[in-house]
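Welcome, and thanks for taking a look at this one. Here is a short briefing to read alongside the sequence and the 3D view.

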Amino acid sequence: MEILLTMQLPDRRVLLTSAPNMRDLGGIPVTGGVVESGILYRSASLSKLDAADEDAFAKLDITTVYDLRTAPEREGALDRLPEGIRSVWLDVVADAPDNIAASIPTLLADPAALENVLGSGHADKYLADANRKFVSMPSALDAYRRFYLDLIDEHRTGAALFHCTTGKDRTGWAAASFLLLVGASEDAVRADYLETNIDLAPALQPMLDTLATTGVNTELLQPLLGVRDSYLDAALDELCSRYGTIEDYARTGLGISNQQIDALRTRFIRTE
């Protein structure tokens with residue numbers, strides 16, 4: 001897995017054993033200020049949030065959770081949320097249920113299929129293609145549009161969190177597009193994106209050790225369970241070729257107005 005970060009960002013991790021890869025998007029520098037802390041978080045699935053971590057989670061004042069997973073991913077693994085938290089389901093890959101980013105649990109259960117799908121270097125191509133689809137696929141455009149409109153809804157109060165299964169692909173694009181829209185540099189976006197390789201690895205190691213004992217070639221999983229510059233580059237290339245700029249992506253792809261983009265920036269940027 002790649003672990004080199006292009007720039008140093010503030011430590012924004014939320015260290016919950018049962019909710020890995022969780023961090024605050026606050027503190028990241030943007031044009032004219034920084035992203036406000038304590039109002040927007042990203043994470044992996046919250047389906048295993050336990051009692052020991054629930055109190056710490058509740059103290060974050062998260063009142064809305066955006067779940068970017070598919071129906072099969074959610075089945076039997078719904079988020080375990082403290083009472084009163086609103087859950088919003090946004091199926092990013094509804095138009096491509098076989099999208100590799102949503103197929104990890106199935107592949108892990110079938111070593112033969114894993115070898116067939118991911119062998120010979122196919123994983124990198126699949127993940128790059130998946131990230132392109134996050135930018136242009138109709139279900140993805142609909143999901144991210146609703147995500148942004150809900151974020152700026154004046155009736156929504158408290159902090160928000162968004163996640164998929166491992167919090168790296170669909171979540172990664174949600175974070176990257178958000179940060180670009182509010183004025184973060186590509187270096188800052190990339191640094192947050194690649195931080196997943198550090199934050200997620202400890203949670204995944206026990207699973208990898210177990211899979212190795214069952215005959216799974218865990219080397220094949222490295223591209224699948226981490227993120228690479230090439231995955232983000234694929235999404236950014238799709239954005240540039242289809243829309244031009246992040247603002248054009250928001251306006252043309254997501255159908256978000258200039259006024260709504262301004263509202264997003266006003267709500268999430270702390271000016272300095």
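Predicted model: local features only at pLDDT ≥ 70, side-chain atom pairs only at ≥ 80, totals over all residues.

- Strand β5, residues 62–67, pairs with β6 in the parallel sense, and four bridges join them.
- Both strands belong to an open sheet of five strands, whose order is β1-β4-β7-β5-β6 and whose pairing is mixed.
- The edges are taken by β1 (23–24) and β6 (86–89); each has a single partner strand, so one side of each is left without a neighbour in the sheet.

**Thr-64**
- Thr-64 lies in strand β5.
- Is Thr-64 buried or exposed? Its relative accessibility is 2%, so Thr-64 counts as buried, the cut-off being under 20%.
- A polar contact of 3.4 Å links the side chains of Thr-64 and Arg-86.
- Leaving aside residues up to four places away in sequence, Thr-64 touches Ile-85, Arg-86, Val-88, Asp-150, Arg-156, Ala-159, Ala-160 and Leu-161.

**Helices α8 and α12**
- Helix α8 (residues 186–194) and helix α12 (residues 229–242) have axes that come within 10 Å and cross at roughly 130°.
- At that angle, α8 and α12 are therefore oblique to each other, and their crossing is right-handed.
- Where they meet, α8 brings Glu-186, Val-189, Arg-190, Tyr-193 and Leu-194, while α12 brings Asp-229, Tyr-231, Leu-232, Asp-233 and Leu-236.

Technical notes
Residues numbered from 1 in each chain as written. Heavy atoms only, no water. Pairing = 2+ DSSP bridges. Helix = DSSP H or I, 4+ residues; strand = E, 2+ residues; numbered from the N terminus. Buried < 20%, exposed > 50% of the residue type's maximum accessible area, 1.4 Å probe, protein only. Polar contact = N/O pair within 3.5 Å; in protein donor to acceptor, adjacent residues only side chain to side chain. Contact = heavy atoms within 4.5 Å. Axes fitted to C-alpha atoms, helices over the stretch in contact; angles between N-to-C directions. Parallel < 35°, antiparallel > 145°, perpendicular 65-115°, else oblique. Left-handed = near helix turned anticlockwise from the far one by under 90°.
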